[in-house]
Amino acid sequence: MVSLINCTTAWPKWHHLVSKKACVFGEAGQYTVRKNPEAIFEPFFMPTPLPLIVGFGGYNAAGRSSGHQAYQRMIFESLSAGDKAATLDSLAHLMGNPDLDPQSVLDGTLIRRIESSFFDVDNTAIGKNITLKAESTSPVSFDIAGRDLPHPIPEHWRAEPLDEGGRRYKITIDSDQTLLLKCRSKMAVQSAGQLPTGFDPGSHYRSQHHPRGLQLAILAASDAVQSMGIDWQRIVSAVAPDEIGVYSSSVMSQLDNTGLGGMMQSRALASRVTSKQLALGLNTMPADFINAYVLGSVGITGGMTGACATFLYNLNQGVAEIKSGRRKVVVVGSAEAPIIPEIIDGYAAMSALATDADLCKLDGLAVGASPDFRRASRPFGENCGFTLAESAQYVVLMADDLAVQLGAQVFGAVPGVYINADGFKKSISAPGAGNYLTMAKAVGLARSLLGDEAIQQRSFVQAHGSSTPHNRTTESKIFDQVARAFGIEHWPVAAVKSYLGHSLGPASGDQMAATLGAFAQGVVPGIKTIDGVAEDVFGARLHISNQDIDLGCGNIDVAFLNSKGFGGNNATATVLSPTVVNRYLERHYSGGQWTAFQDKQVQSRDDAARYLAAADKGDLRPIYEFGTRVIDEEEISISNTEITLPGFANPVSLGDNEGYDF
């Protein structure tokens, strides 16, 4: 016999070489390979690594994700008096004012009128073309500083110096001239899901020249990593450097002045392009920043984008990497900061956003009145469009064997994510057939793993719930048909965009954070911005409530995160609760391994609790290592079997045949 090896790490390299006759199973998760030349070499079943959620974090309009702070803000009405007080206190510290009164904390979170820290919604800068009428008999003239004189001088301009030094010139124009004038205008859309009032992500680390979306990525990824209660270097020492991965991106890139937005406007606004705007503006930068400044990772990296399904696209990549056995740990997420006049204008031009005028019309208010900004997003109710939001959300996925080895906390697991396009379409932005496939496959997976009763009695849906009239009918119809197919009669449906707005790329990350909260506390957030379910919603088999739905602690087995993105980017994830995952782990590991795992988890929980206690007092402790521990390339060692990098305990193996036999 050859030596005992761990199947979950070795299986991808060994499965095509061994057979049932060649193996003797020992401790759970291990097998021995016999030296038997007569063995029939054919593949046989080995457990696929289960991607566990061992850490999560982020920031959105409801607050910080770790410790369920943002989730508790959403179910605030259902909290005990003590939990309400703790939530208000932690939010006040996040907002930079521990003495803030409770009502101000509540008013300064969730969807609300865009605050002046972004821009003045009543006096937003805009360019306007004006034409100066002139002719040879009545020219237009004005004085201009010599340093402002354009070169070359425009046609129909005549410039005469007014002094010997050329400090001022008289300009005469003898024909019509169109000029661009800087003006101010009122925004038609004045609501958004902003970070809590007073919370400035860039003030918590050295964020010079960083676009807001990248600031959010640094803080959110740090929050997720520290929520584990396991020091990152301990994880790095337990795996090979290339067994770590990061998948993260943003849909709209970084379009503020420090990113692509400032670069693209520079010529029209007569400003100077900086050396950082283009590079920092790329939509893959959230992953690049996490690798370079948070994790110091040399493992696989990438950024998938799929419109509103972007978080789930990246989650799919991370889940696939762990299930394949190629990675042991993957940080997955998305960051977006789209509360910018130009982005709002773009979505408004598509008639996608809830304008103030349409909100007033819904509520029977007079033209020009102020709408209820808090209720701008109304999924599955009478609505008129979605509400933009900013957010950054991350989860840390870990293969189950490594989680058991390290004593990681278990917040859930993701056995599968399904992505399907719509096929031929008439309108690129309209919903289509793909979401039927993703939802049905996600529920089908849960049924095959957990059985009928689990999905019928102990599951719920996190709807895309964008708050558009078209979405409420098309998405509810999909849920209704899937429910009928699987015998579900009273399916709880959540739509967290009613609290947070639509954060585009991280939107399903917002769903994920709220789902992990529901697993922990048993309460599914209600859709409190609606008076009732709209008549055209297919709701016969759905439980859509404007009050929180208390399913009871430990009574949720599985949740389905659904996303319908522009262009036919549909995705649905099956997320298992910690209760279900722990039952699985207890069955698949020996008694000794299970006991040791539980013992190690005590330390992880204690260390995580210390971080959360500090974060609740406003001490966020973001990880930002700029220029530290840079790899000295002179110390890299390469042989024909492995490559060793300074700072990493384990080498990277070379010569893997990737399963091929030539």
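This is a predicted model: local features need pLDDT of at least 70, side-chain atom pairs count only at pLDDT 80 or more; totals for chains, interfaces and linings use all residues.
Q: How many salt bridges does the structure hold?
A: A salt bridge is a side-chain nitrogen of Lys or Arg within 4 Å of a carboxyl oxygen of Asp or Glu. The structure holds 26 of them.

Q: Which residue forms a salt bridge with D401?
A: The partner is K328, and the closest N and O atoms are 2.7 Å apart. D401 belongs to helix 13 (residues 400–406), while K328 sits in the loop between helix 10 and strand 15 (329–336), so the pair ties together parts that are 73 residues apart in sequence.

Q: Are D401 and K328 buried or exposed?
A: Buried means under 20% relative accessible area. D401 has 11%, so D401 is buried. K328 has 4% and is buried because of that value.

Q: Which residues are linked in a network of salt bridges?
A: The network links D363, R375, R378 and D531.

Q: What does D536 pair with in a salt bridge?
A: D536 pairs with R472, and their closest N and O atoms are 2.8 Å apart. D536 is in the loop between strand 20 and strand 21, and R472 is in helix 16 (residues 469–486); the two are 64 residues apart. D536 is partly exposed, at 35% relative accessibility, and R472 is buried, at 7%.

Q: What is the nearest side chain of opposite charge to D256?
A: That side chain is R212, 6.9 Å away. A salt bridge needs the atoms within 4 Å. D256 is buried yet has no salt bridge. D256 is found in the loop between strand 13 (244–249) and helix 7 (260–265). Not counting residues up to four places away in sequence, D256 touches P211, R212, G261, G262 and I340.

Q: How many bridges join strand 9 to strand 10?
A: Strands of a sheet pair through backbone hydrogen bonds, either parallel or antiparallel. Here, 5 bridges join strand 9 (residues 157–161) to strand 10 (residues 168–173), and the two run antiparallel. The bridge partner of P161 is Y169 in strand 10. This hairpin has 6 residues between the strands, and G166 takes a positive phi near 70 degrees.

Q: What is the order of the strands in the open sheet of 3 strands?
A: The order is 25-26-27, with antiparallel pairing. Strand 25 (637–638) and strand 27 (652–653) are the edge strands, each pairing on one side only. Strand 25 pairs with strand 26 (residues 642–644) over 2 bridges. I638 stands opposite I643 in strand 26.

Q: At what angle do the axes of helix 10 and helix 18 cross?
A: The axes of helix 10 (residues 310–324) and helix 18 (residues 507–521) cross at roughly 70 degrees and come within 5 Å. Angles of 65 to 115 degrees count as roughly perpendicular, and helix 10 and helix 18 are therefore roughly perpendicular to each other. The contact is made by F311, L312 and L315 of helix 10 and by S508, G509 and M512 of helix 18.

How values were computed: Residues are numbered from 1 along each chain as its sequence is written. Side-chain values use heavy atoms; hydrogens and water are left out. Helices (H or I, at least four residues) and strands (E, at least two) are DSSP runs, numbered from the N terminus. Buried means under 20% relative accessible area, exposed over 50%, partly exposed in between (1.4 Å probe, protein chains only). Lys and Arg count as positive and Asp and Glu as negative; His and the chain ends are not counted. Contact means heavy atoms within 4.5 Å. Two strands pair if DSSP finds at least two bridges between them. Axes are lines fitted to C-alpha atoms, for helices over the stretch in contact, and angles run from 0 to 180 degrees between N-to-C directions. Angles under 35 degrees count as roughly parallel, over 145 as roughly antiparallel, 65 to 115 as roughly perpendicular and the rest as oblique.
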